[in-house]
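Subject: Structure handover

Hello,

Please find the structure below, followed by notes on what was found in it.

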Amino acid sequence: MTRRAIISGTGSALPRTCVTNEELAERVDTTDEWIRERTGITMRYIAEHDELTSTLAIDASRRALEAANMQASDIDLIIVATATPDQTFPATATKVQAALGNHGCTAFDVAAVCSGFLYAMQVVDSMIRANSATNALVIGSETFSRILDWEDRTTCVLFGDGAGAVVLSAQDDAGDNTGILACQMHADGRHHDLLYVDGGPSTTKTVGKLRMKGREVFRHAVVNLAEVMRETLAQAGLSLADIDWVVPHQANARILDATARKLGLKAEQVVVTVDKHANTSAASVPLALDTAIRDGRIKRGDILVLEAMGGGFTWGACIVRY
């Protein structure tokens, strides 16, 4: 029998402080109308000084474990996808592991920016298929507010903080074709200067701030995401007609709309949460997934396409039968 990675539970967490467009306009040269028209965003959550990438990841993980009816001791692999780790090292995943009371399992971070959660999903899927893991916590967690230039209204209005987590468990395929069916990941480092942070330990010895050429990123995103979704569906032996839900990276409502139109998908098939928490980078796909599962939209047996593109560029998609 084929050993598959199935979704056993999901969870998410947001910081305490919600900042609406109107509130943001009090400190940034912008308006609610300007932000809504260009992004679809109405609010975002900003971490307080005591809220870290690790603490958000821990909260999301506990909720995912509860949903999976598991204990932390059941987990033998923890991967945190993040571009905003607590420290350069150790890995944020080890802090999550310690806080959960799990001692000894494999724990490491993945850095692929907004695509990081999907990269981590593929790693876990491969390890489960290779019998190297049985129950894994896959987490996307970010405190992007720490790397924003609050004087740049074209970028600072787009992002927020948050975390999402998924428990993936090994299951022998008994013919129901449940779990991760296919994954495709890509990267193209030639586009570094379109979306990056202008700092780092090896270059400036500082954290740096996010820089983005939005129009160029938009163009690449629509093309790359449509192509990788078709590629991943072909790998799974499925067609667009088989899709129940698309759970995309929540970057910008206009990107989501344009990608859906390019593929000929119905707008109501796309899970959209960017309006409520803005772009949370690696956290956005698991945040949206948890939201749609908990509100009842996504049901067992549904076929999902998870997709994202981020700085690097990195991009990818996973097909999952939930």
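Isoleucine 6 stands opposite serine 169 in strand S7. This belongs to the antiparallel pairing of S1 with S7 (residues 161-172), which runs over ten bridges; two strands pair if DSSP finds at least two bridges between them. The names come from DSSP runs numbered from the N terminus, helices (H or I) having at least four residues and strands (E) at least two.

The model is predicted, so local features need pLDDT of at least 70 and side-chain atom pairs count only at pLDDT 80 or more, while totals for chains, interfaces and linings use all residues. Residues are numbered from 1 along each chain as its sequence is written, and side-chain values use heavy atoms, with hydrogens and water left out.

The sheet

S1 and S7 belong to an open sheet of five strands with mixed pairing, in the order S1-S7-S6-S4-S5. S1 and S5 (106-110) are the edge strands and have a single partner strand each, so one side of each has no neighbour in the sheet. On average, neighbouring strands are turned by 20° against each other, direction ignored. At the S5 end, S4 (residues 77-81) and S5 pair in the parallel sense over five bridges, and leucine 77 has threonine 106 in S5 as its bridge partner.

How much of S1 (residues 3-13) is buried? Eleven of its eleven residues are, so S1 is largely enclosed by the rest of the structure. Buried means under 20% relative accessible area, exposed over 50%, and partly exposed in between (1.4 Å probe, protein chains only).

The helices

H3 lies across S1, S6 (135-143) and S7, at about 120° to S1. Axes are lines fitted to C-alpha atoms, for helices over the stretch in contact, and angles between N-to-C directions run from 0 to 180 degrees.

H3 (residues 53-68) also packs against H4 (residues 92-100), at an angle of about 55° and with the axes 9 Å apart. The two helices are therefore oblique to each other: under 35 degrees counts as roughly parallel, over 145 as roughly antiparallel, 65 to 115 as roughly perpendicular and the rest as oblique. Residues of H3 including Ala57, Ile58 and Leu65 meet residues of H4, among them Val96 and Leu100; contact means heavy atoms within 4.5 Å.

A second pair is H7 (residues 214-236) and H8 (residues 253-263), whose axes come within 9 Å and cross at roughly 45°. That makes H7 oblique to H8.

Regards
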